[in-house]
Amino acid sequence: MTSQAAAMLQIYERRGLLSWLTTVDHKRIGILYILGAGLFALIGGLEALLIRTQLAVPNNRVLVGDAYNQVLTMHGTTMVFLVVMPVLAGLGNYVVPLMIGARDMAYPRLNAFGVWMFLLGGLFLNLSFLLGGAPNAGWFGYAPLTEKTFAPGAGIDFWILGLQLLGISSITSSINFVATILLLRAPGLTLNRLPLFAWTTLVTAFLILFAMPSISAALFLLFLDRHLGTHFFNPAAGGDPLLWQHLFWFFGHPEVYIMILPAMGIVSEVLPVFSRKPLFGYTAVAYSSVAIGFIGFTVWAHHMFAVGLPPVVNAFFSAASMLVAVPTAIKVFNWIGTLWGGSIRLRTPFLFAAAFVALFVIGGLSGLFLAAVPVDWQVTDTYFVVAHFHYTLFGGSMFAIVAGIYYWFPKITGRFLDERLGRLHFALQFIGFNLTFFPMHFLGLMGMPRRIYTYAPGLGWEGLNLLATVGAFVLALGFGVFLVNIARSLVAGAPAPADPWDGHTLEWLTASPPPPYNFERIPVVHSRRPAWDRKYTGNPHPRPAGAAVVPEAPEGNGPSGEGDAPAEPIHLPAPSPWPLVIAAGLTLFALGLVTHWAFLIPGLLLFAIGLARWAAEPLFPESSGAHSGT
């Protein structure tokens, strides 16, 4: 390796604060997403415990009135926009380039801009608690409750602009995922060989690109209503509150699949590895992900069955809501087929992935009830709905996310998480989750409305609410064990080899943790399990009978030493402070719109300076190029 390449590698391997503030390395950016989501998960979890404590007994006074509404709104907003979406983006940032044999994301500085926009947008949202009160109209922000008449404080403005900042982060991240997966795959890695986590990440990126403009437009119109005297959602002045619901849920229901599809991809990676067999029905699982993406845009109005839409409209959206269960059921069938007859290893990643399948099926079955219009009329806005979406998004997404963290933690850190603590974490999380949310089905059927902060005694809700609150604290204890496990393992965890799980995909062909350039030579792919082929077939690229024989490339970085692309220059993008500067400028500008105009000018200056310097900055300085193997 040349001295120029060594100098750039030294820059990438620095560990100081400045190196993290200026990083454009997809692996560090993925870690920033995960750490930021973890911090916001602690906040969102504390908000959930406050909610459950308030509802534990009748006529409780822990959170009353507007304080309860603020905490409820911020809990929902935090878990959706600041936890589930960004932690999946973080895992995708770290793992997807490794899975597809790329050295980095397609647009490294745009990638850095996305993570800083997420972190600062989340900080901006939570500043509302300190600057006049948090948003209090629910995470869905139904009009006209968000109009100035009903919400005169700054909380809703923080919510509007905070979600716009987070939307910028999501869109830039999605553009990067689409470009990276479509354009930077390793030689031979066709779409029909793409790992399932990369497949679902790609579909999710397209969903965000098509769904996010709808909520962005709705938020913009709401801001105009609140500050410039327009009346898009004010029925007293000729506006239509249902316009908000259509715009919001056109984003909001694809958002469900934005949060669940990558989780399904994680499960589709974990189950085959710990079953020691290929995924059953790969093609069906991949194409069912695409089908879910398409159908997901045709079901938004099932959130609106109770608003008085024409019967034919309700019938259409009811049928579409049932239809989306078909590609989901295909996945469940194929996951069960993968387990059937496998040599299963009951390690912690597998336990969480298997629990995902069971819990998501429960959430899906309750969703079928809600897709039936007469049933929905009876249980809408009750705790039955709360139980349903927590089984799909917590029992689904969060269990899969934890499975992914246990699965890829050795790759990210070079150390194992403790297996005994992992099993204890699983037991507490599984028991606590079901104690918390399964009783809510019965509370909903017994008529308990959602979004109420207290209730009278004698309604028959006391026992189930107390049980749910106990379950919430058991669940919190489980995540406490998880944090202890992570902290302990980072300091004294058992060292992990490059391929600790006997994995199938390309990320297991490089070191743990990977070097800045990921692969010294890009591996060539000839099957859906390229890492497994190199280990067990004695041939890095098994060919169909009669296929032409391709001459071997020079020795590479796989275990077999064969089948890698020829040596080529390694280009490492230079670290840059300007993504952070631009993100800070936009955040300051948003703060000025909500609080005081004095923040507007510094925000615009930072944005303009950062943009100009970004445009003038070379992505690949001459010192970053070197030929691999030299």
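1. Cover of helix α18. In this predicted model, the buried residues of α18 are covered by elements that include α5 (108–127), α6 and α19 (600–616). The buried residues themselves are Trp-578, Pro-579, Val-581, Ile-582, Ala-583, Gly-585, Thr-587, Ala-590, Leu-591, Gly-592 and Val-594.

2. Geometry of α18. The helix runs over residues 578–594, 17 residues in number. From first C-alpha to last it reaches 25 Å, close to the 24 Å expected at 1.5 Å a residue.

3. Phe-206 belongs to helix α7.

4. Salt bridges, count. The model has nine salt bridges. Side chains of opposite charge can pair when their charged atoms come close. Some of the pairs are taken up in the points below.

5. Arg-226 and Asp-157. The closest N and O atoms of this salt bridge are 2.9 Å apart. Arg-226 is in helix α7 and Asp-157 in helix α6, so the pair ties together parts 69 residues apart in sequence. Are the two partners buried or exposed? Arg-226 is buried, at 4% relative accessibility, and Asp-157 is buried too, with a relative accessible area of 4%.

6. Lys-27 and Asp-25. The side chains of these residues meet in a salt bridge with an N to O distance of 3.1 Å. Lys-27 has a relative accessible area of 5% and is therefore buried; Asp-25, at 6%, is buried as well.

7. Lys-535 and Asp-502. A salt bridge joins Lys-535 to Asp-502, with 2.8 Å between the closest N and O atoms. Lys-535 lies in helix α17 (residues 530–536), while Asp-502 lies in the loop between α16 (462–492) and α17, so parts 33 residues apart in sequence are tied together. Lys-535 is partly exposed, with a relative accessible area of 28%, and Asp-502 is partly exposed at 27%.

Conventions: Residues are numbered from 1 along each chain as its sequence is written. This is a predicted model: local features need pLDDT of at least 70, side-chain atom pairs count only at pLDDT 80 or more; totals for chains, interfaces and linings use all residues. Side-chain values use heavy atoms; hydrogens and water are left out. Helices (H or I, at least four residues) and strands (E, at least two) are DSSP runs, numbered from the N terminus. The expected span of a helix is 1.5 Å times one less than its number of residues. Buried means under 20% relative accessible area, exposed over 50%, partly exposed in between (1.4 Å probe, protein chains only). Contact means heavy atoms within 4.5 Å. A salt bridge is a side-chain nitrogen of Lys or Arg within 4 Å of a carboxyl oxygen of Asp or Glu.
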